[in-house]
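Let's walk through this two-chain model together, one question at a time. Keep the viewer open while you read.

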Amino acid sequence: MNESERPQVHPLRPAIAFLAFMLFWVSLVYPFGLSAVAPYVAELTNPAGPGGSVVAGPNGTSYSTLVGENITCAYFPGNLSSCPFRGLFWSRPSQIDYEPFLGAGGEDPYGPTDPALINQTLYYINVTGVHNVTSACGIPEDIVTDSASGLDPDISPCGALVQIPRIAYYTGEPQSVLTALVDAHIEGSHIPGVGAMYVNVVGLDVALIDLMSTPGTG
Amino acid sequence: MLGLSTLPDVFVLICLGLLGAAFLGRYMAKVFTARPTLLDPVMRPVESAIFRLMGVDPSHQMKWREYAVSLLVMNLCAVVFVFLLLSLQGSLPMNYWGVHGMPWDLALHTSVSFDTNTDFQHYTPETQASLFSAIFGLILLMFLSAATGIAAGVAMIRGFLRKDSTIGNFYQDLTQAVTRVLLPISILGALLFVLAGVPQTLAQSVSVVPLAGPAQGIPLGPVAAWDAIEFLGTNGGGFYAANAASPLQNPSALTNLVAIFLMLLIPFSAPFMFARMVRKEGEGRPLFVATLTIFLLALFLFLYFESYNPFLASTGVSQGSGYLVGAEQRFTLPESALFQVTSIFTNTGATSMSLGALTPGTQIDLLWGMFVQAAPGGDGTGFGMILINTLLAIFVGGLMVGRTPEYLGKKIGKYEMRWSTVVILSHPFAILIPTAITFIFGLAQFSPAGVASHQFTVVLYEFTSESANNGSAMGSLIDNTLFFNVTGAIVMTVGRYLPLLAMLAIGGSLASQGTAPPGPGTIKTDSATFTLFLILFITIVTGMLFLPMLVMGPFAQGPLGGG
């Protein structure tokens with residue numbers, strides 16, 4: 001374009017000008033523009049919206065369908081019968097107790113041949129009471145070992161089914177009703193052949209609480 | 001072994017990714033040889049505005065030294081800018097999470113890390129980077145580093161086309177990499193992520209009242225926008241510390257597949273772009289096939305080693321779906337595996353599994369990808385490494401059968417070989433010297449401690465990841481220390497700019513010679529024999545350089561895993 005101007009350009013000018021150009025397009029227009037249109041785009045598929053997919057739960061609670069919660073009695077001090085979550089489905093173990101702002105916890109796993117891995121797994125097998133499971137599920141890996149993020153909202157269908165004896169004992173709900181409840185909450189991606197089957201723990205627990213607060217069922 | 005029923009979607013996706021790469025490669029060849037494309041009417045005005053602002057003439061053709069100086073100055077300015085941003089973020093706007101300015105060593109490591117396309121994170125995104133830093137510093141660098149790599153790759157390829165010593169105009173290549181490739185595809189990718197449920201908001205966080213205990217704060221931000229360039233640009237730094245394992249960043253099997261698609265796209269498009277640019281369709285094939293073979297082999301080995309961990313057998317835990325410690329429930333093992341292999345072998349470095357929890361065999365598999373750096377490697381630079389390996393293979397092959405080393409009509413001489421050898425040898429140097437220093441002076445601390453061979457693997461992985469500009473980590477190393485921050489910044493700089501300079505120097509040298517017609521002594525590089533030779537060459541050279549280290553690390557940990 002300006003062939004005659006070229007030699008006079010300060011060596012830093014192209015770099016600084018390009019950074020300004022990038023700041024405008026990729027740091028301003030791109031993320032801010034997308035944020036502006038995101039609610040309308042998300043409406044097509046995700047009614048909970050692009051703001052963390054928060055929905056209302058029972059008794060004034062709310063939860064994000066994306067993130068799990070620290071529903072477990074694994075480290076409850078004292079007797080299991082006084083733990084508030086004894087009658088609920090438990091989440092996977094988490095090094096960060098499902099606290100998203102402590103995100104780093106997902107990154108400190110035990111090595112594959114670390115004796116501490118065995119100890120932790122045995123502890124969880126014991127505390128979740130799945131050591132004497134006789135069903136085809138065996139001891140489901142997911143409910144006795146860490147996830148990658150420490151925020152995994154899901155457990156495997158087996159991971160839910162093996163918890164039913166404990167829940168039936170503490171809630172008095174018949175096992176058949178609980179099994180039906182779990183079956184109704186098994187999800188996968190909506191595309192055939194894509195993704196694993198799973199149960200969203202908080203969603204399942206919300207349904208369980210609803211079930212117990214509705215008189216005349218079960 | 002695993003049931004095969006969970007495999008099909010993974011193979012469909014690989015095919016889709018390669019198909020997309022083929023289209024993109026042809027499109028990029030048009031863009032970088034100034035032929036008309038669909039986006040011309042939209043992007044021309046934007047581009048001419050920026051050229052005016054920069055005061056450069058995009059038609060001015062640079063020799064390699066001028067190209068390299070422009071590239072270095074641009075990136076140095078960007079690093080300084082982001083370094084200042086991160087240091088001062090405590091008093092800058094949009095600091096909703098109340099973070100402090102980073103200490104100088106952490107700011108240095110972070111800015112160099114994102115500038116070199118490594119995106120290794122010694123900081124915790126949720127607590128140590130403000131939204132302002134993420135948007136105006138890190139997103140900017142993610143675009144810039146990917147564009148820099150693409151520009152250098154294109155410039156090197158031009159060396160095979162030209163005879164006047166020039167390899168293109170850096171500013172034009174850089175601008176067009178952003179306006180014609182990265183930004184349009186990122187916008188589409190981000191919209192897909194929003195549709196699939198990834199958060200995209202300028203709200204800093206949302207607080208919920210969970211069933212379990214007190215309020216739970218959930219950090220948010222423009223995650224979909226971040227995701228798209230993280231994967232497309234083979235950057236790999238997470239918006240969250242858990243990266244693509246975080247259910248906020250990668251909430252479903254579908255988003256996982258979209259992420260893999262984006263990562264495959266540009267690295268695998270390079271051989272197609274190359275074939276189009278040198279106008280010899282057959283010449284892209286050996287590079288593509290060699291790359292893909294190493295990649296698929298790695299995927300197969302990953303699935304094998306990760307299918308079972310004998311060490312855990314004594315606990316009686318069912319491993320029917322594979323060894324899934326440190327994996328997320330919503331992905332099948334083949335999906336997690338494809339994500340992880342794609343991410344490591346494209347040098348993206350995003351993680352959807354806890355790498356430290358993987359079986360020893362799987363760790364070897366991933367380290368191998370970072371040793372090779374070229375199967376397919378990162379945006380632009382990966383293809384540069386493929387070409388450098390190809391030049392070496394031709395040279396060695398030529399010596400073995402007594403033929404003249406030439407490639408696409410260009411003689412491969414002392415100059416090209418010197419640069420290629422320096423690049424290949426700099427990788428083990430940049431990895432092994434700091435690893436040795438770490439252990440000699442006992443500078444590493446681990447949490448959890450783990451066994452000694454695992455500790456060695458973790459440190460080896462740290463420096464390998466930095467030198468390869470990968471950015472993934474095995475976790476248990478406490479790496480936000482003065483030593484690891486400063487050493488890491490040096491290793492990443494060497495691992496990035498030495499290969500980039502070599503690519504430009506080789507391109508410039510090839511561009512300065514005329515083209516000789518193929519004689520009877522020329523190796524046929526578009527043949528199956530050469531493809532096989534290239535695969536073996538890469539494998540043997542990598543093995544010779546790195547096998548001893550693997551023996552001290554992952555091999556020593558115990559059973560490798562698998563059936």
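**Chain A meets chain B**

Q: Which strand of chain B is joined to β3(A) by two bridges?
A: This is a predicted model, in which local features need pLDDT of at least 70 and side-chain atom pairs count only at pLDDT 80 or more, while totals for chains, interfaces and linings use all residues. Residues are numbered from 1 along each chain as its sequence is written, with chains lettered from A and ligands numbered from 1 in the order in which they are written. Strands here are DSSP runs of E with at least two residues, helices are runs of H or I with at least four, and both are numbered from the N terminus; two strands pair if DSSP finds at least two bridges between them. The two strands in question run parallel, and the partner of β3(A) is β3 (residues 317-318) of chain B.

Q: Which residue is the bridge partner of A:I139 in β3(B)?
A: Strands of a sheet pair through backbone hydrogen bonds, either parallel or antiparallel. Here, the residue across from A:I139 is B:V317.

Q: Which element gives the largest share of the side of chain A that touches chain B?
A: Contact means that the C-beta atoms of two residues, placed from the backbone, lie within 7 Å. On that basis, 94 residues of chain A and 104 residues of chain B take part. Elements that each supply at least two residues on the chain A side include α2 (115-127) and α6 (201-213). The largest share, 21 residues, belongs to α1(A).

Q: Is A:V67 buried or exposed?
A: A residue is buried if 20 or more other C-beta atoms lie within 10 Å of its own, exposed if 12 or fewer, and partly exposed in between, with C-beta atoms placed from the backbone. A:V67 sits in the loop between β2 and α2 of chain A, and its contacts beyond four places in sequence include A:L151, B:I218 and B:P247. Because A:V67 has 25 C-beta neighbours inside 10 Å, it counts as buried.

Q: How far apart are the C-alpha atoms of A:V67 and A:L151?
A: A:L151 is also on the contact list of A:V67. The two are 84 residues apart along the chain, yet their C-alpha atoms are separated by 5.7 Å.

**Inside chain A**

Q: Why does A:S91 count as buried?
A: A:S91 lies in the loop between β2 and α2 of chain A. Its contacts, leaving aside neighbours within four places in sequence, include A:G68, A:Y98 and A:V201. A:S91 is buried because its count of other C-beta atoms within 10 Å is 28.

Q: Which strands stand at the edges of the open three-stranded sheet of chain A?
A: The order is β4-β6-β5, with antiparallel pairing. Each edge strand has a single partner, so one side of it lacks a neighbour in the sheet; these strands are β4 and β5 (186-187).

Q: Where in chain A is the pLDDT below 50?
A: pLDDT is the predictor's confidence in each residue, from 0 to 100. Chain A has a mean of 88, and 92% of its residues reach 70 or more. Where pLDDT is low, the predicted coordinates should not be read in detail. The stretch below 50 is residues 1-5.

Q: What ipTM does the predictor give the complex?
A: Chain B averages a pLDDT of 94. For the complex, the pTM is 0.96 and the ipTM is 0.93.
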